[in-house]
2 protein chains.
Amino acid sequence: MMKKISVFDEGKFSDNKFHSFLVHDSEHFKMINFTFKAGQSLPVHSHDIAGQLSIVVLSGEGEFLSKDDAIAARAGDVLISDIAEPHGVRATTDMRVLVTIAPPI
Amino acid sequence: MMKKISVFDEGKFSDNKFHSFLVHDSEHFKMINFTFKAGQSLPVHSHDIAGQLSIVVLSGEGEFLSKDDAIAARAGDVLISDIAEPHGVRATTDMRVLVTIAPPI
């Protein structure tokens with residue numbers, strides 16, 4: 001199994017709400033692409049299960065959110081978090097983010 | 001567990017050979033950052049085990065390599081491959097790539 005996805009082509013920006021699409025889903029991991037217009041956010045949330053996730057900023061700037069904190073995030077920044085740990089993203093410019101969840105939810 | 005890594009700061013380019021460093025390693029997944037100078041490559045290889053990997057191009061241009069083929073790859077492109085499938089990367093410009101392996105090797 002081998003496939004290529006161009007997320008800069010497939011990830012569209014939306015004025016109403018962040019846009020997301022499933023890049024990959026298997027028994028091994030799930031990958032989701034998010035595009036945020038400046039000011040949009042993925043609110044802080046968590047799932048009470050085992051596993052971890054990564055959030056990779058592909059372009060733009062914003063913040064990684066935790067329960068009580070906001071950490072500056074720009075292209076090339078990676079957040080690693082337990083799935084059970086509250087996490088979120090807020091965009092201060094238009095922003096592209098790739099989330100990987102393993103094992104998949 | 002929550003941590004942030006700025007791979008654009010930590011990933012250095014080397015004239016001799018591509019540079020790599022471990023971004024994350026846990027029971028859930030392993031993430032490795034690669035920086036390639038133009039012309040450098042990660043030769044085609046595979047491991048005869050279960051699991052999949054993603055290769056995310058953060059910047060630059062090059063090719064995703066398979067056993068018999070080369071697929072154009074630029075920032076925002078993602079390759080998903082079985083770990084057991086032969087895969088590699090060749091850079092045509094300076095190039096930054098993030099590899100995630102789940103479950104970790």
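**View 1. A hairpin in chain B: S2(B) and S3(B) with four residues between them.** This is a predicted model, in which local features need pLDDT of at least 70, side-chain atom pairs count only at pLDDT 80 or more, and totals for chains, interfaces and linings use all residues. Side-chain values use heavy atoms, with hydrogens and water left out, while residues are numbered from 1 along each chain as its sequence is written, and chains are lettered from A and ligands numbered from 1 in the order in which they are written. S2(B) and strand S3 (residues 30–36) of chain B run antiparallel, joined by six bridges. Strands here are DSSP runs of E with at least two residues, numbered from the N terminus, and two of them pair if DSSP finds at least two bridges between them. Look for Leu22(B), which sits opposite Ile32(B) in S3(B), and for His24(B), which faces Met31(B) in S3(B).

**View 2. An open six-stranded sheet with strands from chains A and B.** Going across, the order is S1(A)-S8(B)-S5(B)-S10(B)-S3(B)-S2(B), and the pairing is antiparallel. At the edges are strand S1 (2–6) of chain A and strand S2 (19–25) of chain B, each pairing on one side only. Neighbouring strands are turned by 20° against each other on average, direction ignored; the axes behind that angle are lines fitted to C-alpha atoms, and angles run from 0 to 180 degrees between N-to-C directions.

**View 3. An open four-stranded sheet within chain B.** Here the order reads S4-S9-S6-S7, again with antiparallel pairing. Strand S4 (41–45) and strand S7 (70–74) of chain B are the edges, and each pairs on one side only. Zoom in on strand S6 (residues 61–65) and strand S9 (residues 87–91) of chain B, an antiparallel pair with four bridges. One bridge to pick out there links Gly62(B) to Ala91(B) in S9(B).

**View 4. Chain A laid on chain B, with the rotation axis.** A turn of 180° and a shift of 0.0 Å along the axis put chain A on chain B with an RMSD of 0.0 Å. The two copies are therefore related as by a two-fold rotation axis. The superposition is by least squares on the C-alpha atoms of residues with pLDDT of at least 70 in both copies. Of chain A's residues, Leu58(A) comes closest to the rotation axis, with its C-alpha at 3.1 Å. Both copies use the same surface: 100% of the contact residues of chain A recur in chain B, where contact means heavy atoms within 4.5 Å.
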